[in-house]
Amino acid sequence: MQINTIQTQAYSDQKPGTSGLRKKVKVFQQAHYLANFVQAIFSSLEESDNKTLVIGGDGRYFNRTATQIIVKIAIANGFTDFIIGQGGLLSTPAASHLIRKYNALGGLILSASHNPGGPDEDFGIKYNISNGGPAPEQYTNAFYDYSKSITEYQIADVADIDLNTLGEQQIENINIRIIDPVDDYADLMASLFDFDLLKRVISSGKLSLRFDAMHAITGPYASRILEDILGAPEGSVINATPLEDFGGHHPDPNLAHAKELAELMFSSDAPDFAAASDGDGDRNMILGNNIFVTPSDSLAIIAANAQLAPGYASGISGVARSMPTSQAVDRVAKAMNLPCFETPTGWKFFGNLLDADKITLCGEESFGTGSNHVREKDGLWAVLFWLNILAKKAQPVSQIVTEHWQQYGRDIYCRHDYEAVDSDIANGIMDHLREQIKTLAGQEFGQYTIQYADEFSYTDPIDNSISKQQGIRIGFADGSRIIFRLSGTGTVGATLRIYLEKYEADATQHKQDPQDALAELIKLAEQFCQVKKLTGRVEPTVIT
Ligand code: G16
């Protein structure tokens with residue numbers, strides 16, 4: 001087999017963000033752009049005898065082209081065994097599972113998650129390590145460093161592989177397995193949840209549901225598991241066919257982008273339960289008849305009821321949440337006498353805690369929930385967990401949520417995003433906040449007294465690595481918080497995220513609309529960061 005060495009020029013913008021390298025498709029289509037980054041990954045990895053690689057993506061535009069390029073560069077770099085989802089498709093949690101199950105060295109996942117797809121939209125690539133989780137920062141920093149001075153890459157001169165036909169293909173000593181993307185994942189889910197019970201309540205219509213796959217990767221997974229295996233009536237999974245442009249929508253499961261589903265759940269036709277997932281299948285949104293469950297509450301409720309699912313019946317070792325996620329799960333952990341960790345935003349920060357069995361469950365406000373079953377957040381897993389809880393408790397979602405609040409109090413929560421802000425303005429806002437936090441502690445603003453103001457820095461308790469500048473925190477004496485961060489996943493300008501949280505112990509106040517309950521904190525946030533004044537915007541781009 002001929003291996004060609006191609007001369008190339010370095011790009012300066014290949015720094016991975018919160019979750020891999022995400023750019024416009026047009027950026028990835030520049031000469032050698034993808035090849036450079038893939039070579040940078042392989043050249044940065046330590047020598048290993050393990051030559052197995054998993055490859056799959058969410059099916060967005062450029063997925064197939066990228067898969068062919070990656071296979072050829074991987075062959076040239078010594079990989080001999082490939083596990084690839086049919087059609088180049090794998091959900092992110094399924095890819096994580098395959099890396100673990102087949103002891104691969106790692107995997108390349110092609111996705112820009114919840115960002116829109118299509119020739120003029122976004123593409124992304126990330127490397128996951130042998131534990132199945134996203135490469136930690138020491139890896140991604142090494143990829144970036146290599147990419148800045150790359151001069152050549154290696155690529156095998158072989159024909160495109162057949163991505164459509166299940167089974168094995170051989171190119172000399174190279175073994176390529178095209179597998180069904182859903183099979184292994186469905187088996188894993190059956191091992192964690194009570195599928196017999198779920199089959200009974202779902203197929204008999206006792207528990208009605210709607211799942212919106214948003215024309216993204218979870219379509220085939222949800223159709224197989226919810227309809228074929230668990231017996232939900234045909235049509236329970238909507239928008240089930242993955243499309244390269246997600247039907248022109250943002251495959252982002254939140255109240256803004258899964259609007260139709262949200263409207264259904266607040267109408268008289270609402271089923272008992274509804275959920276949606278994102279482009280690559282790792283996020284989830286949970287809804288009940290007449291109620292939206294915030295991701296922070298969802299994590300807390302799953303933790304409090306974990307023993308109801310067979311895979312977690314023997315107990316959980318601990319929990320973790322990203323720093324901007326509400327403190328609801330902390331209250332559950334305290335009551336259950338479990339350790340609770342606060343990590344920076346990014347699933348990669350949970351990996352070490354999961355590997356060391358310090359935690360079993362973890363989650364983020366950004367619609368991500370997961371456990372030690374894989375090393376990614378997992379949308380359908382969260383849906384099945386909720387269905388398992390609903391089936392066991394035989395109560396509506398709204399009752400489970402309100403009773404949870406009665407027991408633990410409610411962390412009223414919302415996030416305001418200002419998208420595509422000029423990067424200089426956004427950086428100026430953060431710099432100005434950094435200045436202000438030096439003197440904020442102890443100051444009073446209306447009913448709120450500031451207890452602390454700092455910039456979050458994280459020391460990983462397992463490997464002691466330090467991650468600085470992970471968001472500005474303003475904490476109040478009553479436990480309320482305002483947090484400011486710049487997103488690490490956007491592809492246009494900068495996205496300022498403002499996270500607002502207020503603790504309410506009084507059950508008579510639990511029905512409040514978050515925007516009303518948080519009104520004073522929202523005003524204070526603007527007073528500190530002045531994003532409206534500086535950008536001329538009148539409201540956030542998205543409220544979740
Ligand atoms: C990624 C990360 C998550 C993070 C989210 C938002 O999710 O895996 O850990 O919470 O981005 O990050 P940011 O606030 O920096 O935009 P996904 O679903 O996009 O891969």
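The legends below describe close-up views of a predicted model.

Figure 1. Is Asn 254 buried or exposed? Asn 254 counts as buried because its relative accessibility is 3%, and buried means under 20%. Leaving aside residues up to four places away in sequence, the residues touched by Asn 254 are Met 285, Phe 367, Val 542 and Thr 544.

**Figure 2. The three domains and the placing of domains 1 and 3.** The domain assignment divides the chain into domain 1 (3-180), domain 2 (184-408) and domain 3 (410-543). Taken over C-alpha atoms, the centres of domain 1 and domain 3 are 35 Å apart. Contact between these two domains involves 10 residues of domain 1 and 8 residues of domain 3.

**Figure 3. The surface buried between domain 1 and domain 3.** Together the two domains bury about 620 Å², and carbon and sulfur atoms account for 40% of this area. Which three residues supply more than any other three of the area that domain 1 buries against domain 3? They are Thr 18, Arg 22 and Glu 137, which supply 52% of that area.

**Figure 4. Polar contacts and the side of domain 1 that touches domain 3.** Between domain 1 and domain 3, the count of salt bridges is 0, whereas 2 residue pairs are in polar contact. On the domain 1 side, the elements that give two or more residues are β2 (21-24) and α5 (137-149). Of the elements on this side, β2 gives the most, with 3 residues. Sorted by class, the side of domain 1 that touches domain 3 holds 5 polar and 5 charged residues, and no nonpolar ones.

Figure 5. Helix α8 covers residues 218-229. Which residues of α8 are buried? They are Thr 218, Gly 219, Tyr 221, Ala 222, Ser 223, Ile 225, Leu 226 and Glu 227. Just after the helix comes Gly 231, where phi is positive, at about 85 degrees.

Definitions and conventions:
Residues are numbered from 1 along each chain as its sequence is written. This is a predicted model: local features need pLDDT of at least 70, side-chain atom pairs count only at pLDDT 80 or more; totals for chains, interfaces and linings use all residues. Side-chain values use heavy atoms; hydrogens and water are left out. Domain bounds come from an automatic or database domain assignment. Contact means heavy atoms within 4.5 Å. Buried area is the accessible area (1.4 Å probe) that two parts lose on being put together, summed over both. A salt bridge is a side-chain nitrogen of Lys or Arg within 4 Å of a carboxyl oxygen of Asp or Glu. A polar contact is a pair of N or O atoms within 3.5 Å; within protein, one must be able to donate a hydrogen and the other to accept it, and residues adjacent in sequence count only if both atoms are side-chain atoms. Helices (H or I, at least four residues) and strands (E, at least two) are DSSP runs, numbered from the N terminus. Ala, Val, Leu, Ile, Met, Phe, Trp, Tyr, Cys and Pro count as nonpolar, Asp, Glu, Lys and Arg as charged, and the others, Gly among them, as polar. Buried means under 20% relative accessible area, exposed over 50%, partly exposed in between (1.4 Å probe, protein chains only).
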